[in-house]
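Have a look at the chain below and then go through the points in order.

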Amino acid sequence: MKSADSMIGPMTGSMNGRMAGSMSGTYPSRVRTDRLNVPSNATMRMDQENLRAVDPAVADALAGERTRQEETLAMIASENHVSEAVLEAQGSVLTNKYAEGYPGARYYAGCEYADEVEELAIDRAKELWGAEHVNVQPHSGTQANQAVYYSVLEPGDRILSLDLNHGGHLSHGHPANFTGQIYDVEQYEVDPETGYIDYEGLRETAESFDPDIIVSGYSAYPRTVDWEAIQAAADAVDAYHLADIAHITGLVAAGVHPSPVGVADFVTGSTHKTIRAGRGGIVMCDEEFADDVDKSVFPGGQGGPLMHNVAGKAVGFKEALEPEFEEYAQTVVDNAETLAETLQGHGLSLVSGGTDNHLVLVDLRESHPDLSGGDAEDALAAANVVLNGNTVPDETRSPFDPSGIRAGTAGLTTRGFDAEAMREVGDLIHRVIDDAESEDVIYEVGERVVELCREYPLYE
Ligand SMILES: *Cc1c(COP(=O)(O)O)cnc(C)c1O
């Protein structure tokens with residue numbers, strides 16, 4: 001289960017690597033409220049003085065987290081950094097508002113601004129992804145998937161999805177997730193030779209298993225997904241097709257990865273990954289499923305929507321509609337390619353031999369058979385490079401201490417890292433992996449990482 005995004009957070013946070021010059025425990029000096037363009041009595045203040053007065057413990061933890069993000073490389077492939085505008089929307093008065101229902105049809109009074117915000121989020125999402133119908137209320141990607149399953153499946157129905165060890169997600173039928181307990185799950189795999197989805201095998205499994213739904217879209221898959229091939233397999237057995245683009249929402253919106261919208265019956269996503277719109281989920285579908293999906297989100301699986309998060313989505317989507325976002329997404333992909341080439345240049349093997357998207361998956365077994373992905377994760381975290389140990393196809397260690405590491409470029413690209421900086425990051429990652437026991441190496445790399453972070457500040 002180590003490869004699932006939701007299991008990563010608590011396991012990555014080694015703080016031992018805090019380097020000289022760390023501002024840990026104090027306010028980051030570069031947070032300048034005078035540039036925020038908000039009235040001085042606004043409740044959302046980046047210096048969080050109200051919070052500090054009420055709760056210094058939480059204020060300290062948030063300041064620490066902010067410094068951590070400033071001074072480390074966020075290379076967990078599912079993470080990104082939202083803008084201050086998205087932060088302000090998320091930390092807004094909309095957290096107070098109950099808005100059960102949908103715009104124009106709420107169960108409570110006083111929803112006029114909630115309606116405005118949700119309609120903006122929906123309209124912008126439609127423009128970004130070209131979907132006929134969009135529901136922006138799912139609290140996260142997992143809830144978005146839950147809404148789709150609940151709208152078209154009965155308990156006991158059959159799900160065909162990619163094995164977690166091969167890049168799938170917990171919410172695609174893992175035994176530890178409700179999907180693995182309520183539904184009958186069969187899995188397809190990547191081709192052991194190429195690391196690419198085994199579309200032929202998928203089709204054969206579909207024919208023998210006769211699924212009600214096929215799930216595509218992945219957490220640790222570095223290659224372009226052939227949505228049409230999966231749709232053809234679904235058509236052949238009269239199954240629904242859910243394309244879960246959680247990781248690649250931004251790449252799809254920007255057109256640097258093909259879109260499953262208009263191909264698959266349902267498209268789901270997380271809004272905090274490459275699309276950079278703050279925590280949350282989204283469901284897209286054709287008009288014919290609109291009512292069922294909406295009822296499945298609320299009241300089927302959720303209560304009141306998190307309207308402050310819906311506001312974050314609206315703002316992030318607006319930012320993603322700007323022409324600069326296309327450039328951003330292209331740079332994310334270019335940076336991943338540069339990272340892949342740099343690591344390969346150092347003799348590391350990558351699952352599938354490279355990347356088409358925002359992530360690389362390193363299989364350490366050939367180059368560093370004695371180093372587990374978990375140990376690599378710890379050593380890198382100590383050097384201020386935050387990524388995760390990850391299972392690889394045909395895993396020979398355990399999911400808790402797997403054989404690979406996964407690294408993404410969405411966060412660094414948001415900070416402005418270019419090809420040259422990515423090459424250096426690749427060199428630094430290799431140095432640590434190659435000498436993971438050396439405290440000197442970890443210290444030197446960590447120091448250089450802090451310098452790099454200062455060159456590419458996050459929230460200026
Ligand atoms: C991240 C992810 C999700 C959703 O995760 P949440 O943490 O619930 O937002 C769903 N599917 C895939 C493939 C993912 O990578």
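1. Start with Glu424 and Arg448, whose side chains meet in a salt bridge, N to O at 2.5 Å. By salt bridge I mean a side-chain nitrogen of Lys or Arg within 4 Å of a carboxyl oxygen of Asp or Glu. This pair links distant parts of the chain, 24 residues apart: Glu424 sits in helix α16 (residues 419-434) and Arg448 in helix α17 (residues 439-455). Helices (H or I, at least four residues) and strands (E, at least two) are DSSP runs, numbered from the N terminus.

2. Before you go further, keep in mind that this is a predicted model, where local features need pLDDT of at least 70, side-chain atom pairs count only at pLDDT 80 or more, and totals for chains, interfaces and linings use all residues. Residues are numbered from 1 along each chain as its sequence is written, and side-chain values use heavy atoms, with hydrogens and water left out.

3. For the cut-offs, buried means under 20% relative accessible area, exposed over 50%, and partly exposed in between (1.4 Å probe, protein chains only). The pair also belongs to a network of salt bridges that links Glu424, Arg448, Glu451 and Glu455.

4. Another bridge to look at is Arg431 with Glu444, where the closest N and O atoms are 2.8 Å apart. Arg431 is in helix α16 and Glu444 in helix α17, so to speak a link between distant parts of the chain, 13 residues apart. Arg431 counts as partly exposed at 36% relative accessibility, and so does Glu444 at 43%.

5. The salt bridge count comes to 14. One of them joins the side chains of Glu84 and Arg66, at 3.9 Å from N to O. Because Glu84 lies in helix α4 (residues 84-90) and Arg66 in helix α3 (residues 56-71), this pair ties together parts that are 18 residues apart in sequence. Glu84 is partly exposed, with a relative accessible area of 21%, while Arg66 counts as buried at 15%.

6. Now turn to strand β12 (residues 359-363). Five of its five residues are buried, so the strand is largely enclosed by the rest of the structure. In a regular strand the side chains alternate between the two faces of the sheet. Here both faces are covered, with Leu359, Leu361 and Asp363 buried on one side and Val360 and Val362 buried on the other.

7. Which strands does β12 pair with? Two strands pair if DSSP finds at least two bridges between them. Strand β11 (residues 349-350) runs antiparallel to β12, joined by two bridges, and Leu350 stands opposite Val362. Strand β15 (residues 404-408) is antiparallel to β12 as well, with five bridges, and there Val360 faces Ala407.

8. A polar side-chain atom of Asp244 lies 2.4 Å from a ligand nitrogen, and one of Lys273 lies 3.0 Å from a ligand oxygen.

Technical notes:
Polar contact = N/O pair within 3.5 Å; in protein donor to acceptor, adjacent residues only side chain to side chain.
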